[in-house]
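Me: I would like to learn how to read pockets and helix packing in a protein model. Could you take me through them step by step?

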Amino acid sequence: MTLEEFLRPLYQDLDGVNRFDAVERAGRIARALHPSSRELDLLILFSGLTKWLAKPRNVSRVLLTNAITENELRSAVDSLRRLENPESDSERAVAAALLIDGAGVRGLAERFAHARREGSSVFDVAREEPPPIPGWMPARAREWMIERLEARARFCRAILDELGS
């Protein structure tokens, strides 16, 4: 069994929705920002499982697949904990990819879906300030982030115009 085959079912939500497509989208972005490597591939695969990996029994389960060494897994877990302030190029590529993936219109659609559960209105979400672009973000990623934020802003402006705000 490959590591991806082992991890893919862990991205299944209780409602049956598979979130592995988010890993694949972020992976495509990260690989466009940084050459593929074992470190990058592991960060991409585990990027949505940080909380799950916090449980020692789950770390043991991953190691039993024999598709990753203990040192590789510990290094990946440490890197995942640093994604808010990434240090390595691989960490910056994955962190940037996750931000870029959530910054555009698709990310806005997800925000609308979550906002309903939180009790926020469409108006509230459309008026939210966009996330700031971190200083560590590579120039190429910054360009993509700006493009997506601009598309998001146009969409939000259209919604607010229709709402008469």
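This is a predicted model: local features need pLDDT of at least 70, side-chain atom pairs count only at pLDDT 80 or more; totals for chains, interfaces and linings use all residues.

Me: Let us begin with the pockets: what volume does the largest pocket have?

Reply: The largest pocket has a volume of about 890 Å³, and among the 30 residues that line it, those closest to its centre are A22, S47, G48, L98 and E110. Two or more lining residues are given by each of the helices α2 (20-33), α6 (70-81), α7 (89-103) and α8 (105-118), and the largest share, six residues, comes from α8.

Me: How do the lining residues of the largest pocket divide by class?

Reply: The lining of the largest pocket is made up of 13 nonpolar, six polar and eleven charged residues.

Me: Which residues line the second largest pocket, and which elements give two or more of them?

Reply: The second largest pocket, which holds about 220 Å³ of space, is lined by V125, A126, R127, E128, E129, P130, L149, R152, A153, C156, R157 and L160. Two or more of the lining residues come from each of α9 (122-127) and α10 (139-163), with α10 giving the largest share, six residues. By class, this lining has seven nonpolar, no polar and five charged residues.

Me: Now for the helices: how are two packed helices described?

Reply: Two packed helices are described by the angle between their axes together with the distance between those axes. Here, α2 and α7 pack at an angle of about 125 degrees, and their axes are 8 Å apart. Because of that angle, α2 counts as oblique to α7, and the crossing of the two is right-handed.

Me: Which residues of α2 and α7 meet?

Reply: From α2, the residues A22, R25, A26, I29, A30 and L33 meet A93, V94, A96, A97, L98, I100 and D101 of α7. The residues of this contact are eleven nonpolar, no polar and two charged.

Me: At what angle do the axes of α2 and α10 cross?

Reply: The axes of α2 and α10 cross at roughly 140 degrees and come within 10 Å. An angle has to be over 145 degrees to count as roughly antiparallel, and α2 and α10 are therefore oblique to each other. Their contact is made by I29, A32 and L33 of α2 with R140, A141, W144 and R148 of α10, and its residues divide into five nonpolar, no polar and two charged.

Definitions and conventions: Residues are numbered from 1 along each chain as its sequence is written. Side-chain values use heavy atoms; hydrogens and water are left out. On a 1 Å grid over the protein atoms alone, a cavity is a set of points where a 1.4 Å probe fits but cannot get out, and a pocket is an open set with protein on both sides within 12 Å along at least five of seven lines; lining residues have an atom within 4 Å of a point. Grid points are joined across faces, edges and corners, and a volume is the space filled by probe spheres set on the points. Helices (H or I, at least four residues) and strands (E, at least two) are DSSP runs, numbered from the N terminus. Ala, Val, Leu, Ile, Met, Phe, Trp, Tyr, Cys and Pro count as nonpolar, Asp, Glu, Lys and Arg as charged, and the others, Gly among them, as polar. Axes are lines fitted to C-alpha atoms, for helices over the stretch in contact, and angles run from 0 to 180 degrees between N-to-C directions. Angles under 35 degrees count as roughly parallel, over 145 as roughly antiparallel, 65 to 115 as roughly perpendicular and the rest as oblique. A crossing is left-handed if the near helix is turned anticlockwise from the far one by less than a right angle, and right-handed if clockwise. Contact means heavy atoms within 4.5 Å.
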